[in-house]
Amino acid sequence: MQHNQIRLFETEAEFHNVADEALETIQDTVDEMLEPKNIDYEINLASGVLTLKMRPHGTWVLNKQTPNRQIWWSSPLSGPKRFEFDPKDKLWFSTKDGLNLGRTLMQEIHHVYPEVTKRDLEL
Amino acid sequence: MLSILTTRVASRNVASPVGMAAARLIRRGYHENIVEHYENPRNVGSLDKNDKSVGTGLVGAPACGDVMKLQIKVDENGIITESKFKTFGCGSAIASSSVATEWVKGKSVDEVLSIKNSDIASHLKLPPVKLHCSMLAEDAIKAAVKDWKEKSAAGVKVDVKQEKVAA
């Protein structure tokens, strides 16, 4: 599986482009969803690591795992997951449960803040 | 815990590198369970991978930063009597695999399949970014059991063939 992943992205630079865009989109979307609701949250994206604190549940960490072209996810609700990119659907799918990254994140944000409407996050 | 460690360090004429490292870890906020497994890892070593009662699980990749080898020795009742590990990686990875070898001993090969990464992570109070280490330890246990089962099944098949030839 690892070799196929590396072949999907012709260059490492391509992986960084796609993965960086995913993390930036997540940051923007979370800000759009939570900021207007006066919710006490914290989000930071730096050096390929996205940290999202949603109290009182804890901290979510998403990071690029360049050697195997994955995005790694850590959640206080669902634990660790790894997401791999499907170039056909242009979505990142969890190797554990087959859910895509956008839906996984939306489900958990909605679980933490039921008053926040889920979005269709195409990631 | 920090005061105990610094006393230990101070009482030696030459500061122990391990004691100093542990003191640094505590200051950085590692839970004492992790420091304990890092300073005194349990069951480091190897079992004979050619022994048919031994299952070997090798997981991870050097490029990712963590490689774990976890081995189990299983008796005729399917109970794990011995376990050894060798891990290349961070303190959390070492501690996670050390805990794994402790927890599998005395259990059956089927029982250990229900050891979850979340149990290891909460025992060690792993920070979010290190949950992946405990996942790897869970994978290592499953890989070791799978290897032992495959070796046992292969053994049985060979015996059956030999019996048929003898008849």
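Helices here are DSSP runs of H or I with at least four residues, and strands are runs of E with at least two, numbered from the N terminus. Keep in mind that this is a predicted model. With that in hand, start with chain B: the span of residues 30–153 is 43% helix and 21% strand, and its end C-alpha atoms lie 42 Å apart. An unreviewed UniProt entry annotates residues 30–153 of chain B as "domain: NIF system FeS cluster assembly NifU N-terminal".

**Helix packing**

Two packed helices are described by the angle between their axes and the distance between the axes. Here are two pairs, one from each chain.

| Helix pair | Axis distance | Angle |
|---|---|---|
| α2 (residues 12–34) and α3 (residues 101–112) of chain A | within 12 Å | roughly 30 degrees |
| α3 (residues 32–39) and α4 (residues 91–104) of chain B | 8 Å | about 80 degrees |

Take the chain A pair. Angles under 35 degrees count as roughly parallel, so α2(A) is roughly parallel to α3(A). Their crossing is right-handed. On the α2(A) side, the contact uses Ile26(A), Thr29(A), Val30(A), Met33(A) and Leu34(A), while α3(A) brings Leu101(A), Leu105(A), Met106(A) and Ile109(A). By class, that's eight nonpolar residues, one polar and no charged.

Now the chain B pair. Because 65 to 115 degrees counts as roughly perpendicular, α3(B) sits roughly perpendicular to α4(B). From α3(B), Ile34(B), His37(B) and Tyr38(B) meet a set of α4(B) residues: Gly91(B), Ser92(B), Ile94(B), Ala95(B), Ser98(B), Val99(B) and Glu102(B).

**Where the chains meet**

The size of an interface is often given as the accessible area lost when the parts come together. Chains A and B bury about 930 Å² between them, and 69% of that is on carbon and sulfur atoms. Chain A puts 14 residues into the contact and chain B puts in nine. Which residues of chain B lose the most area to chain A? They are Cys64(B), Pro128(B) and His132(B), which together make up 56% of what the chain B side buries.

Most residues other than glycine have a negative phi, and most peptide bonds are trans. The peptide bond joining Arg55(A) and Pro56(A) is cis, with omega about 5 degrees; Pro56(A) sits in the loop between β2 (49–54) and β3 (58–65). Arg69(A), which is not a glycine, has a positive phi of about 55 degrees. You'll find Arg69(A) in the loop between β3 and β4 (70–75) of chain A.

Terms used. Residues numbered from 1 in each chain as written. Chains lettered and ligands numbered in written order. Predicted model: local features only at pLDDT ≥ 70, side-chain atom pairs only at ≥ 80, totals over all residues. Heavy atoms only, no water. UniProt positions renumbered as here; feature names shortened; annotations may be inferred. Axes fitted to C-alpha atoms, helices over the stretch in contact; angles between N-to-C directions. Parallel < 35°, antiparallel > 145°, perpendicular 65-115°, else oblique. Left-handed = near helix turned anticlockwise from the far one by under 90°. Contact = heavy atoms within 4.5 Å. Nonpolar A, V, L, I, M, F, W, Y, C, P; charged D, E, K, R; others polar. Buried area = accessible area lost by both parts, 1.4 Å probe.
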